[in-house]
Amino acid sequence: INAEYMGTMGHLGALKAKLAKLKRELLSDSTKGGGGGAMPGFDVARTGDARIGFVGFPSVGKSTLLNKMTSTFSEVADYEFTTLTCVPGVLKFKGAKLQMLDLPGIIEGAKDGKGRGRQVIAVARTCSLVLIVLDVVKPLTHKLIIERELEGYGIRLNSEPPKINLRQKEKGGLGMSTTCTLTHLDKDTVKSVLAEYRMLNADVCFKENATVDQLVDIIEGNRVYIPCVYVMNKIDQITVQELDIINRIPHNCPISARDSWNLDGLLDCIWDHLDLMRVYTKPKGNIPDYNEPVILAHSATVEQFCNKIHRGLMKSFKHAWVWGSSVKHNPQKVGKEHVLRDEDIVQVVKKV
């Protein structure tokens, strides 16, 4: 029975790999295909420290939310598909400039080109954070449909890239090593998946209990891993008991865009999921500049801090003085590899 099970696993793995290849070819053909050229309104220039996309079905309150959170006007009406292009807005929060994109409503089959879904999802791929806006009155199957549409276009929500190292070689067949017990894969399954991609000679190292889908994601190499917040809109139309049930969904934030309920809570939720930090500059002999922090990704180094200020700063960098929670005593002399923390103060010392 075990041998039969392993054989079935290998066959399923090969089928999943074949399916992923066909999907990729289908998507690349459709984007290349001739026709009236690109649709207007989707080529929005990236600005600010982070880009946040509002994704959801038509008439769930995305435009109302953008209007309330930014000074931008996005048309609001009682009929579906009011927003037909991508409407950008900018919000300043904790010193960071956040670009917000109100995207047209997507429908089931968006990844296959229905409506303007493919363009919406293509913009969502470029975002630092996706806000899936849901109407709490409508069934939660909408959440599953949107997740499926995004996953079908290579977006992985609230997940990290699989810890799988894959290296092709010229000869020697398949070399497979693991640092943990694999319950979803065996050598034959891995071999059949790689064979679909004509990767007969390769070294694979699994550092986690990965699945066939995760292995396919690593081979395809075009997946994006984006944090996501489920914005439960229109909570003014439900009871407290129903709200308690909705709160059990991970990464959720209940709001009412129309009545401006819990928008501050949504901003805090956005900030936590973006995983950004503020670092303040301190010119020599002056007090720190708390008005314009340098916004960096979590666990950024002094070198990344310098590059964010100016690309040429590292050429004359000698050392830096740091005040804050990342050092043992204030101030502390550090080098370019020092890892900073939120709300640290940095003074850069240049070579003479």
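This is a predicted model: local features need pLDDT of at least 70, side-chain atom pairs count only at pLDDT 80 or more; totals for chains, interfaces and linings use all residues.
Local features need pLDDT of at least 70 and side-chain atom pairs count only at pLDDT 80 or more, while totals for chains, interfaces and linings use all residues. Residues are numbered from 1 along each chain as its sequence is written, and side-chain values use heavy atoms, leaving out hydrogens and water.

Two aromatic pairs are present; rings of Phe, Tyr and Trp (its six-membered ring) pair if their centres lie within 6.5 Å, with planes under 30 degrees apart counted as stacked, over 60 as edge-to-face and the rest as tilted. Phe93 and Trp271 have ring centres 6.1 Å apart and planes at 75 degrees, so this pair is edge-to-face. Both Phe93 and Trp271 are buried (under 20% relative accessible area; exposed is over 50%, partly exposed in between, with a 1.4 Å probe and protein chains only). The rings of Tyr280 and Tyr290, with centres 4.9 Å apart and planes at 65 degrees, are likewise edge-to-face. Tyr280 counts as buried at 7% relative accessibility.

Charges also sit over rings, meaning that NZ of Lys or CZ of Arg is within 6 Å of the ring centre and within 35 degrees of the ring normal. Lys21 lies over the face of Tyr197, 5.8 Å from the ring centre, and the charged end of Lys143 is over the ring of Tyr230, 4.6 Å from its centre.
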